[in-house]
Amino acid sequence: VKKIILDCDPGIDDSMAIVMACKSAALKVMAITTVNGNYPVDITSRNALKTLEMINRTDIPVGRGMSQPMVRRSPKDPFTHGRDGQGENNLPEPSTPLWGRNAVDLMIKMVKENPGEIYIVCTGPMSNLAMAFQQEPGIKEKIAGIYAISGAFGLNKFAFTNATGDTPQSEWNVYVDPEAADIVYRSGVSLVALGLDVATHFDVNLTEKDMERLQQSTRPEAGFLKKAIQFVNGRGFEAYCAVIDCMAVAYAIDPTLVQTIRGHVGIETHSNLTLGMTVLDRRHHHVWVDLPIVNIGAKADYERFLAMLMDLVLA
Ligand code: BDR
Ligand code: CA
């Protein structure tokens with residue numbers, strides 16, 4: 001069983017990532033840490049608690065993390081996750097308290113107590129991780145690895161980006177806090193960056209039959225997913241938008257789902273046009289030696305991913 005900390009900004013798809021992670025027998029969720037991203041951190045923290053209450057897993061501590069990116073102001077999410085940040089599921093207000101101190105402390109504490117054992121599954125901006133590395137550099141060598149929904153590398157025909165109209169090459173999580181991503185990519189901690197290339201798919205989708213199975217289930221999380229999909233569909237997006245972040249959890253459960261390549265990647269932190277772009281050096285005869293080497297998701301078995309997701313939601 002793999003120990004993970006889920007660092008997230010729920011968010012529709014982050015909420016589903018929480019459900020998947022908590023229900024998987026292959027994972028032990030040690031903590032959930034929340035961050036500013038899809039919404040301000042108060043909302044993402046409340047949504048994490050609401051999600052845990054929905055699936056009766058309030059035994060997992062939730063730490064509230066960074067309320068702003070490392071050095072800049074947070075942009076506003078161009079893709080709204082609904083008024084509640086959960087696709088208008090309007091789950092009941094949570095009664096479970098947050099962990100007493102902040103998420104960065106929680107992360108540091110857990111990693112120190114479990115040296116070499118914890119994987120951080122990061123489905124939001126990397127602000128908490130970057131802050132933890134600055135505050136306590138020693139934890140870097142105690143983290144087993146990071147699996148992140150991060151960047152867009154243009155490695156298959158489904159590559160697309162989602163930051164804002166002014167930054168056509170940027171993926172939202174990196175765009176929100178590019179300086180944090182730069183710190184984490186350069187940290188030397190083993191990183192698997194699952195970009196939007198592999199975390200989305202335009203051809204393979206949940207089917208009518210899947211929707212019926214969700215409809216027939218008595219599990220509240222099945223109803224949640226169904227409503228979330230209807231919400232994104234209603235806004236002109238396909239079902240994948242409701243489950244992007246689930247790919248990082250699926251990868252933690254079964255790394256054979258995604259083929260990865262190793263490559264030198266730089267994060268753009270200056271330009272207006274390409275702010276937050278993950279620049280992969282793909283040249284044959286030259287490598288950009290100053291850039292860190294990370295593992296990049298190159299191809300996912302999206303059908304198997306959806307099957308795993310459905311099984312866990314309905315379990
Ligand atoms: C990311 O954007 C957010 O809206 C989703 O939660 C996901 O983490 C993908 O770029
Ligand atoms: Ca997210």
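**Close-up views of a predicted model**

**View 1. Helix H9 and the elements that cover it.** In helix H9, the buried residues are Glu 221, Phe 224, Leu 225, Lys 226, Ala 228, Ile 229, Phe 231 and Val 232, as calculated from a model that is predicted. The cover over these buried residues of H9 includes H1, H2, helix H8 (208–216) and helix H11 (302–314). Helix H9 itself runs over residues 220–234, and its 15 residues reach 21 Å from the first C-alpha to the last, which is close to the 21 Å expected at 1.5 Å a residue. Just after H9 comes Gly 236, which takes a positive phi of about 90 degrees.

**View 2. The cis peptide bond at Gly 11.** Pro 10 and Gly 11 are joined by a cis peptide bond, with omega at about 0 degrees, whereas most peptide bonds are trans.

**View 3. Helix H10 and its buried residues.** Helix H10 covers residues 246–253 and is mostly covered, in that seven of its eight residues are buried. The buried residues of H10 are Cys 246, Met 247, Ala 248, Val 249, Ala 250, Tyr 251 and Ala 252.

**View 4. Two loop residues with positive phi.** Most residues other than glycine have a negative phi. Asn 56, although not a glycine, has a positive phi of about 55 degrees, and its place is in the loop between helix H2 (41–54) and strand E3 (62–64). Asn 56 is exposed, with 9 other C-beta atoms within 10 Å. Glu 88, likewise not a glycine, has a positive phi of about 60 degrees and is found in the loop between E3 and helix H3 (103–113). Glu 88 is partly exposed, with 15 other C-beta atoms within 10 Å.

Technical notes:
Residues are numbered from 1 along each chain as its sequence is written. Chains are lettered from A and ligands numbered from 1 in the order in which they are written. This is a predicted model: local features need pLDDT of at least 70, side-chain atom pairs count only at pLDDT 80 or more; totals for chains, interfaces and linings use all residues. A residue is buried if 20 or more other C-beta atoms lie within 10 Å of its own, exposed if 12 or fewer, and partly exposed in between; C-beta atoms are placed from the backbone. Helices (H or I, at least four residues) and strands (E, at least two) are DSSP runs, numbered from the N terminus. The expected span of a helix is 1.5 Å times one less than its number of residues. Two residues are in contact if their C-beta atoms, placed from the backbone, lie within 7 Å.
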